[in-house]
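Please keep the sequence and the structure in view while reading.

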Amino acid sequence: MTERTRVQSQARGDALDYDLSSFYYSSSDDVFDILGIYNDWHEDATLRGYYLYGQPMSSRPTTRVELQEMLEQRRLNLLNLSSYNYLGLSYRPEVIEAAKQALDRYGMGAAGSPVLSGTMDVHVELEHELAAFKKRPACLVFPTGYSTNVGLIQGLMRPGDLIVADQNSHASVVDGAILSKAEVRFFRHNRPEDLEKKLQSRRSKTLVVVEGVYSMDGDVCRLPEIVEIARKYDARIMIDEAHSTFIYGENGRGVAEAFGLEDQIDIHVGTLSKAIGGQGGYVCGSKGLRAYLEAFARSRFFSCALSPVVAAGVLEAVRIAGREPGLRGRLWANVAHIRRLLREEGIDVGESTSQVIPVMIRNDRRIFELGHRLQRAGLYLQPIVYPAVAKHRSRFRISVSAAHTHDQLNEGVAILAHVLREEGIL
Ligand SMILES: Cc1ncc(COP(=O)(O)O)c(C=O)c1O
């Protein structure tokens with residue numbers, strides 16, 4: 001039996017016991033053999049409802065969305081608890097108008113790397129706005145949050161250096177660390193005492209990497225203890241506030257502001273795709289850091305600049321987020337409301353205290369079935385499984401937005417509780 005037929009027959013027998021980790025390697029001599037093996041499984045698994053990803057949306061990512069159901073080829077109208085857009089800004093009329101005007105003025109794309117011809121005045125304005133908002137001397141914008149972490153870490157760290165990152169760090173942190181060829185150690189999630197262990201034997205230049213709010217668990221970084229330990233060992237600190245800037249802190253500058261520790265952090269990273277609902281990422285820090293990364297962050301240097309249309313849209317959204325603190329207030333009221341409902345229903349949300357709320361299922365096999373049932377009942381919630389989280393830590397991830405009404409949150413939790421109860425999970 002060839003490897004392909006063996007995997008095919010196993011896949012037919014038990015498609016749901018496989019996941020992406022089954023398809024990294026093949027013993028064949030042909031690079032493309034793994035494609036056939038993977039595709040056979042993927043087709044079979046899709047037909048059995050395993051795969052719920054990439055369903056095309058044909059509406060704005062508001063609180064209700066139109067979704068194309070792939071298995072039965074139906075168009076669904078669903079209550080949306082899946083999109084980031086935490087402040088409901090992606091479709092605000094002023095944001096759309098700013099993007100339209102930029103389209104008329106600049107055309108569609110930047111048509112160049114930011115270090116060559118791709119920097120337009122709107123990019124410079126966006127960087128100034130973000131630096132002023134974050135109260136940092138300088139800012140550098142990247143095309144995505146992912147490329148920000150990759151370029152920043154690869155651009156700054158070298159073979160022989162040490163990166164000590166939280167074990168739940170986003171893939172972009174991991175990929176940047178791999179590209180840098182520095183030594184990488186992970187400390188146990190949000191455990192400062194383990195960070196200290198990992199730093200004790202350090203002999204080289206060190207960067208400690210944490211996130212403000214962790215993207216899959218929704219818990220907040222124990223920043224005061226982490227800063228204290230990193231300082232004790234003379235390590236530099238980088239915080240990725242992808243899920244916390246514009247949300248946490250009195251002025252929305254993030255978890256570092258909320259803890260009063262902004263000046264203790266060397267590198268502030270964020271994205272424009274989450275609270276802002278657009279695209280792009282940024283690094284805020286010293287002017288020297290900005291200048292160095294402009295020259296050495298390859299993911300930015302060797303890639304076309306962020307579209308000026310998006311840059312203009314996110315610039316307007318950043319201004320709105322700054323002048324309308326009520327949006328944060330609404331978001332936090334919604335978070336408190338849904339957390340109360342979830343608690344009353346006895347739904348397990350792990351360690352979350354933020355607008356990112358996992359609904360822990362811990363069953364990699366059943367979660368897709370449950371996802372289909374939720375969609376049939378009218379709720380759009382995405383299953384999150386390995387490699388986004390560890391195996392057997394599967395969950396649905398609720399993203400709460402300032403734009404949700406309490407009625408919508410009531411409806412969403414009622415559907416969720418009903419399906420989980422019917423399936424014997426509650
Ligand atoms: C913590 C964290 N950093 C970076 C990113 C990448 O950001 P983007 O999706 O804007 O590329 C994400 C995205 O999920 C994230 O959760």
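How far is an oxygen atom of the ligand from an N or O atom in the side chain of Tyr 84? The separation is 3.5 Å.

## Basis of the report

The model is predicted: local features need pLDDT of at least 70, side-chain atom pairs count only at pLDDT 80 or more, and totals for chains, interfaces and linings use all residues. Residues are numbered from 1 along each chain as its sequence is written, and side-chain values use heavy atoms, with hydrogens and water left out.

In the side chain of His 170, an N or O atom lies 3.4 Å from an oxygen atom of the ligand. For Asp 240, a side-chain N or O atom is 2.6 Å from a nitrogen atom of the ligand. The protein covers 86% of the 390 Å² of accessible area (Shrake-Rupley method, 1.4 Å probe) that the ligand has on its own.

## The shell around the ligand

Around the ligand there are 15 residues, each with a heavy atom within 4 Å of it. Those that come nearest are Tyr 146, Asp 240, His 243, Ser 273 and Lys 274. Helix α5 (residues 145-156) supplies the largest share of the shell, 3 residues; a helix here is a DSSP run of H or I with at least four residues.

Key:
Polar contact = N/O pair within 3.5 Å; in protein donor to acceptor, adjacent residues only side chain to side chain. Helix = DSSP H or I, 4+ residues; strand = E, 2+ residues; numbered from the N terminus.
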